[in-house]
Amino acid sequence: MIIEERLSRAMHKRATAILMVALAAVYVWVTGLITEIEPVWIDKGIGLSGLNEWQIPTGLSTVLNIGLNALIIVLMMALNRSYNVLRSLTWLPAGLFAIMQAATPTAMLSLGSGTLVCVVILLCLYLLFGIYGRPTETRIVFAVFFLLSLGTAFQYCFAPFILLFWFICMQMKVFNLRTFTASLMGVASVWILLLGFGIVDIDRLQMPSLHNVFAGDLSPMRLYLPMLALVTAILLIAAITMNFMKAFAYNAHARAMNGALVLLSMVIVLMMVVDSQNMPAYMPLLNVSAAMQITHYFVNHRFERQYIAIVAVIIVYIAIYLRRLYL
């Protein structure tokens, strides 16, 4: 029993997270050159070209993307350490995120909009969580919506997150006429600057049409990413459901932050269904949400053989790794 308790506690330690990151890194390094499994997806912005049209040298693209993924882990840990959203100091979400991200090695080795979307959304959450109950912090609200609006120029999937963050402002008790005006100014400022300096041509302003990925080729290779997203979404929703009652016992600030994370998760899942053709743009954020919610469950429900359940989650993704190799 003592050994099992120690093993369960060890799953939340930094050393275990490093081992999980190492496992993910080895898989990406060994299989990343198998590029035909994940089809080419085209990033589209409302006014500017997506990241995959920037013609960044391959080596630089890989370095930038790996660096941004490391930044995602830093932001995840910072959210928890600064605001205690998971109710425990644990390294498990970092390890789980790495394991989930490695299931798409090609995407890990080239800079894509999904990585950038994830960094911006986590940064915006970090900023808003820090001003809970302080509606006078209009500059922070302006900055958050400026970043989201700027993102829409390069990747249209930022657009629904603007609406979401108005709800998150309500959750954080900072939504009033002044902050709403600041948010509108943040959104508008981007386009005033882009149009005013001629960076964006007004004729190019258009929202790309949404397409269903299941409407075309249904080959196993084409379905790999949707099926991976489905597995992760099921784990995410299951964790949220099992965490639901525990969250009621938290204080108002903790409930607000967890409510914001749940809202974010639901929007991600919804958009991946509605806008499935743009799935890679949402995938890293889905992985972050799943890693945090699964960890939240294991923090809320301590049991002796918890390590078995955590290893089971890891095995699910190892099975996905192996399945990818045999497509």
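Predicted model: local features only at pLDDT ≥ 70, side-chain atom pairs only at ≥ 80, totals over all residues.

Q: Is phenylalanine 129 buried or exposed?

A: Buried, because its relative accessibility is 1%, and the cut-off for buried is under 20%.

Q: What does phenylalanine 129 touch, leaving out residues up to four places away in sequence?

A: Leu79, Tyr83, Val85, Met172, His253, Met257, Ala260 and Leu261.

Q: Switching to aromatics. How many aromatic pairs does the structure hold?

A: Eight. One of them is tyrosine 27 with tyrosine 321, which is stacked, at 4.0 Å centre to centre and 10° between the planes.

Q: Which helices does that pair link?

A: Tyrosine 27 sits in α2 (residues 14-31) and tyrosine 321 in α13 (residues 306-325), so to speak distant parts of the chain, 294 residues apart.

Q: Are those two tyrosines buried or exposed?

A: Tyrosine 27 is buried, at 9% relative accessible area. Tyrosine 321 counts as buried too, because its relative accessibility is 4%.

Q: What about tyrosine 297 and phenylalanine 298, how do they pair?

A: Edge-to-face, with 5.4 Å between the centres and 65° between the planes. Both tyrosine 297 and phenylalanine 298 are buried.

Q: Which residues form an aromatic cluster?

A: Phe145, Trp166, Phe175 and Phe180 form one.

Q: Where does arginine 87 lie relative to tyrosine 250?

A: Over the face of the tyrosine 250 ring, 4.6 Å from the ring centre.

Q: Back to α2. What's threonine 31 up to?

A: Threonine 31 is in that helix, and it counts as buried because its relative accessibility is 4%. A polar atom of its side chain lies 2.7 Å from the backbone oxygen of tyrosine 27, the residue from the stacked pair with tyrosine 321.

Q: Which side chain does threonine 31 join through a polar contact?

A: That of arginine 324, at 3.5 Å.

Q: And what is threonine 31 in contact with, neighbours within four places aside?

A: Pro105, Arg324 and Leu325.

Q: How many residues line the second largest pocket, and which lie nearest its centre?

A: The lining has 19 residues, and Val21, Ala25, Ile73, Ala98 and Met108 are the ones nearest the centre.

Q: Which helix gives the most to that lining?

A: α2, with seven residues. Each of α2, α3 and α4 supplies at least two.

Q: Last topic, backbone angles. Which non-glycine residues have a positive phi?

A: Asparagine 84 is one of them, with a phi of about 55°. Lysine 173 is another, at about 60°.

Q: Where are they?

A: Asparagine 84 is in the loop between α3 (58-83) and α4 (92-101). Lysine 173 is in the loop between α8 (159-171) and α9 (177-196).

Q: Why does asparagine 84 count as partly exposed?

A: Because its relative accessibility is 30%, and partly exposed covers what falls between the buried limit of under 20% and the exposed limit of over 50%.

Methods:
Residues numbered from 1 in each chain as written. Heavy atoms only, no water. Helix = DSSP H or I, 4+ residues; strand = E, 2+ residues; numbered from the N terminus. Buried < 20%, exposed > 50% of the residue type's maximum accessible area, 1.4 Å probe, protein only. Phe/Tyr/Trp six-rings, centres within 6.5 Å; stacked < 30°, edge-to-face > 60°. Lys NZ or Arg CZ within 6 Å of the ring centre and 35° of its normal. Polar contact = N/O pair within 3.5 Å; in protein donor to acceptor, adjacent residues only side chain to side chain. Contact = heavy atoms within 4.5 Å. 1 Å grid on protein atoms, 1.4 Å probe; cavity = no way out; pocket = protein on both sides within 12 Å on 5 of 7 lines; lining within 4 Å.
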